[in-house]
Amino acid sequence: MESEFAAVSVSVDTDANGPRLRIEDLRGGRVAYLDALQLEALAWLPAERLTAILDPTAGRWRE
């Protein structure tokens, strides 16, 4: 999956205790895993809170 702002690979990882979402940043190589609780929290997150964490200056490009 790719846009002008990001390129990621998304798959389901079943190697842990239960299934979880595996997200890989194809440009930087970083991998994150989200379990069901974390995914549900994203679904319930108000739009303004999600917008705040999407700000790239909040951490991605900081030294």
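## Surface patch

Patches are made of residues with over 30% relative accessible area and no salt bridge, like charges being joined within 9 Å and nonpolar side chains (Val, Leu, Ile, Met, Phe, Trp, Tyr) within 5 Å. Accessible areas are computed by the Shrake-Rupley method with a 1.4 Å probe, and for residues only the protein chains shown count as cover. The structure is a predicted model, in which local features need pLDDT of at least 70 and side-chain atom pairs count only at pLDDT 80 or more, whereas totals for chains, interfaces and linings use all residues. Residues are numbered from 1 along each chain as its sequence is written, and side-chain values use heavy atoms, with hydrogens and water left out.

One nonpolar patch on the surface is formed by Leu39, Leu42, Leu50, Ile53 and Leu54, which together have about 440 Å² of accessible area. Helices α1 (36–44) and α2 (47–53) each supply at least two residues of this nonpolar patch. Leu39 belongs to helix α1. The relative accessible area of Leu39 is 32%, so this residue is partly exposed; the term buried means under 20%, exposed means over 50%, and partly exposed lies in between (1.4 Å probe, protein chains only).

## Overall architecture

The chain contains 2 helices and 3 strands. Helices (H or I, at least four residues) and strands (E, at least two) are DSSP runs, numbered from the N terminus. Read from the N terminus on, the order of elements is β-β-β-α-α.

The C-alpha trace spans about 35 × 30 × 25 Å along its principal axes. Of the 63 residues in the chain, 6% are buried.

## Strand pairing

Strand β1 (residues 8–13) pairs with strand β2 (residues 20–25) in the antiparallel sense, over 6 bridges; two strands are taken to pair if DSSP finds at least two bridges between them. The C-alpha atoms of Ser9 and Ala41 are 21 Å apart, with the two residues separated by 32 residues along the chain.

Strand β2 also pairs with strand β3 (residues 31–34), again in the antiparallel sense, over 4 bridges. The bridge partner of Leu21 in β3 is Leu34, while Glu24 has Val31 in β3 as its bridge partner. Between β2 and β3 the hairpin has 5 residues, and Gly29 there takes a positive phi near 85°. Ala32 lies in strand β3 and is partly exposed because its relative accessibility is 36%. The C-alpha atoms of Ala32 and Leu21 are separated by 8.2 Å, the residues being 11 apart along the chain.

## Charged side chains

Side chains of opposite charge can pair when their charged atoms come close. A search of the whole structure finds 2 salt bridges, a salt bridge being a side-chain nitrogen of Lys or Arg within 4 Å of a carboxyl oxygen of Asp or Glu. One of them joins the side chains of Asp13 and Arg20 at 2.8 Å, N to O. Asp13 has a relative accessible area of 10% and is therefore buried, whereas Arg20 is partly exposed because its relative accessibility is 27%.

Arg22 and Glu24 also form a salt bridge, with the closest N and O atoms 3.3 Å apart. Glu24 counts as partly exposed because its relative accessibility is 22%. Arg22 has a relative accessible area of 23%, so this residue is partly exposed as well.

## Aromatic rings

Arg20 also lies over the face of Tyr33, at 3.8 Å from the ring centre. A charge is taken to sit over a ring if NZ of Lys or CZ of Arg is within 6 Å of the ring centre and within 35 degrees of the ring normal.

How many aromatic pairs does a search of the whole structure find? The search finds 0. Rings of Phe, Tyr and Trp (its six-membered ring) pair if their centres lie within 6.5 Å; planes under 30 degrees apart count as stacked, over 60 as edge-to-face and the rest as tilted.
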